Amino acid sequence: MLNPSINRRSLSARTKFLVPFLAITFLLPLAALRLTAQNLSGKVSGSIHDISGTGVANATIIMSNHAGDTIDMITMTTSDRDGNFSIKALPAGEYELKVLKRGFEPFRLPQVTLESGRDFSQSITLQIGAIMEEVEVVPNGTAKPLPSGATGKPSRIRVGGDIEAPHLVTKIQPLYPESAKSAGVSGTVILHAIISKDGKPLSLRVMNSQADPDLARAAVEAVSKWRYTPTLLNSEPIEVDTSIMVNFSLAP
C-alpha cells in the first residue's frame, strides 16, 4: 500500500470494458449449467411384473415427451432379468409411458408429470394378451384350404417372457345351417370365450348382437367342442381370453 512505484490512477477505458466482459464470459456458462440441472427430473425407474408377481425381463419401456399434438423426444430402455428398469434424468415435462412385451397386453400410462429434481417410480403389472382364432365356413360344411405350410400337429409356441401360448388341438368345423343357406344368409359371428386351465372354452358368448341367430347358434355349438393346450405362465396353467371370428360365406 505504501509502495510509491504502484500506479494508483483510475482504470483505463479499455480495462473498464474488459473486466465486466470477462466476468460475463465466465459466469454465463455456469448459469446455463445450473438452469439445465434445475430443469431435469430425478431418476425414472420402476418394476414390471406379470399377474403372478414374477418380474418380466426384456420388456420395452418407452417414455414419449408430448408438446401439444407432437412428440418432441422418445427415450427407450428394457427391463432387466428381475423386471426392473431405470432411465437417466429427463427434462421436466409431460410424458407418456408405454411398456411392450410380446405375449402381454400393451401397458399405457398416458400422463406422467416429471418435476424438476424429483424421482419418478412406477410399479407395472402386465396382463396376458388375448388370442384370436378365425374360421371360414362354406355351405358344404368344409373349411377353406389352410395356408401353405400349415399343419394340424399340436405344438406349443413361446410368445414372450415366460408365457407359452395355447394351441388349438381339437377343432370342430361349424356346419352351415340349412335355413340360413336357403334364405341366402351369410355373415360373421364374433365369439368371446375364456380358455380354461385344461383347455376348454368357457363362458362362450356372441359379441355382435346383429349376427343371424342360426349362424350364431351353429358357431357356438361347434366352438364349444374345441380343445386347446393350456396357456402356461411360468410353467403354470392359467386362463386366457380369446376371440373367435366365424365367417359364414355362401361363395365357394
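**Two sheets in a predicted model**

Q: Hi! Which residue in β7 is the bridge partner of S47?
A: That partner is S123. A strand here is a DSSP run (E, at least two residues; helices are H or I, at least four), numbered from the N terminus.

Q: Okay, how do β1 and β7 pair, parallel or antiparallel?
A: Strand β1, residues 44-49, pairs with β7 in the parallel sense over 6 bridges. Two strands count as paired if DSSP finds at least two bridges between them.

Q: What's the strand order in that sheet?
A: The order is β4-β1-β7, in an open sheet of 3 strands with mixed pairing.

Q: And why is one side of β4 and of β7 left without a neighbour?
A: β4 (84-87) and β7 (120-125) are at the edges and each has a single partner strand, so one side of each has no neighbour in the sheet.

Q: New topic: what order does the sheet of 4 strands have?
A: This open sheet runs β8-β17-β12-β13, again with mixed pairing. Its edge strands are β8 (131-137) and β13 (201-206), each pairing on one side only.

Q: How many bridges join β8 to β17?
A: There are 7, and β8 and β17 (residues 240-248) run parallel. One of the pairs is V137 with F248 in β17.

Q: Which strands does helix α3 touch?
A: Helix α3 (residues 213-223) packs on this sheet and touches β12 (187-195), β13 and β17. Contact means heavy atoms within 4.5 Å.

Key:
Residues numbered from 1 in each chain as written. Predicted model: local features only at pLDDT ≥ 70, side-chain atom pairs only at ≥ 80, totals over all residues. Heavy atoms only, no water. Axes fitted to C-alpha atoms, helices over the stretch in contact; angles between N-to-C directions.
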